[in-house]
Amino acid sequence: MCKWGANVEMHISQSFIMRIKEFGESDLLVTFFTSDKGRLKGVAKGARRSKKRFANCLDLFCLTNLEYGLQKRGDLYFLNSCKLIHGFPGLRSDFSSLSLASYMIELTEILFPQNVVDTNMFELLQKSFTALDRGTRNDVLRIVFEAKAMSLGGYGINLEKCCKCGRPYAGTGRAVFMRNRGAIACLNCEKETSGCPGMAPDAIKGLRSMQTMPGDHVEKMSLTEENIREIRPVLKLHTEYRLGKRLKSAKYLDI
Ligand SMILES: [Zn+2]
């Protein structure tokens with residue numbers, strides 16, 4: 001029986017632990033991203049005193065089976081217990097993987113407000129953390145994650161036609177990215193500058209497949225060094241412009 005009442009209906013979700021804060025004398029306030037109910041917040045009563053119900057799993061980035069009461073008190077759920085599915089130890093092994101994981105969590109939080117369910121986003125996080133854990137290149141993972149997450153959040157870049165003259169993009173020739181339009185423009189309409197970075201046809205093709213691929217293709221994307229060099233500034237401009245800010249965790253990224 002929990003302190004919030006004997007008749008609280010319990011529910012178990014696969015969840016990523018997104019944030020943890022000390023709460024009161026012995027509790028923890030936990031933000032978690034579930035596969036079936038989106039991002040939620042709950043209190044783990046007594047979690048700082050007794051580690052038994054939450055052994056080794058209330059840690060940032062852990063994937064867990066989290067049991068929580070469906071009855072909310074205000075905005076908060078009651079967390080009853082937690083079982084670790086994956087702790088992604090490799091992700092914690094160096095500062096740059098850890099920073100990238102924080103960035104992925106922050107981007108997810110911004111794109112998916114509380115209670116917004118997206119199983120594709122959950123899968124993208126899971127595959128990206130698995131790839132980080134295995135030591136996949138961080139610079140590649142960052143752009144693949146950004147492109148797909150932005151697209152799932154409703155901010156995909158329009159790569160189908162020139163946003164100025166409307167000419168469909170035929171897949172040949174360079175194009176430039178226009179951040180205020182979230183789209184590409186042809187070289188007849190715009191010049192390449194640092195504010196309007198250009199991309200070669202295969203970089204545009206790569207970006208398109210990142211936006212449309214299933215989340216489990218994270219590790220299957222093949223990009224050349226040149227593709228990475230061209231796509232990176234496009235996604236940086238795009239995320240900052242669409243979200244209206246630079247993410248806090250972005251300043252720790254060295255890629
Ligand atoms: Zn044009």
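Q: Is Glu146 buried or exposed?
A: Glu146 counts as buried because its relative accessible area is 1%. The cut-offs: buried is under 20% relative accessible area, exposed is over 50%, and partly exposed is in between, using a 1.4 Å probe and protein chains only.

Q: Before I go on, what kind of model is this?
A: It's a predicted model, where local features need pLDDT of at least 70, side-chain atom pairs count only at pLDDT 80 or more, and totals for chains, interfaces and linings use all residues. Residues are numbered from 1 along each chain as its sequence is written, and side-chain values use heavy atoms, with hydrogens and water left out.

Q: OK, back to Glu146. Where is it, and what does it touch?
A: Glu146 sits in helix 3, residues 138–152. Helices are DSSP runs of H or I with at least four residues, strands are E runs of at least two, and both are numbered from the N terminus. Leaving out residues up to four places away in sequence, Glu146 touches Tyr103, Leu107, Leu235 and Thr239; contact means heavy atoms within 4.5 Å.

Q: Switching to the metal. What coordinates the zinc ion?
A: The SG atoms of Cys162, Cys165, Cys186 and Cys189, at 2.3 Å. Donors are N, O and S atoms within 2.8 Å of the metal (3.2 Å for Na, K and Ca), and water is not among the atoms, so sites may look incomplete.

Q: What's the spacing of the donors along the chain?
A: The zinc donors follow C-x2-C-x20-C-x2-C.

Q: And why is the arrangement called tetrahedral?
A: Because the 4 donor atoms subtend angles of 103 to 115° around the zinc ion. Four donors count as tetrahedral if all angles lie between 85 and 135 degrees.

Q: Which class do Cys162 and Cys165 fall into, buried or exposed or partly exposed?
A: Cys162 is buried at 4% relative accessibility, whereas Cys165 is partly exposed at 43%.

Q: How much space lies in the largest pocket?
A: About 190 Å³. Of the 14 residues lining that pocket, the closest to its centre are Arg167, Pro168, Tyr169, Thr172 and Cys186. On a 1 Å grid over the protein atoms alone, a pocket is an open set of points with protein on both sides within 12 Å along at least five of seven lines, and lining residues have an atom within 4 Å of a point. Volume is the space filled by probe spheres set on the points.

Q: Which strand gives the most to that lining?
A: Strand 7, residues 183–186, with 3 residues.

Technical notes. Four donors count as tetrahedral if all angles lie between 85 and 135 degrees; four count as square planar and six as octahedral if opposite donors are over 155 degrees apart and all others between 65 and 115; anything else is irregular. On a 1 Å grid over the protein atoms alone, a cavity is a set of points where a 1.4 Å probe fits but cannot get out, and a pocket is an open set with protein on both sides within 12 Å along at least five of seven lines; lining residues have an atom within 4 Å of a point.
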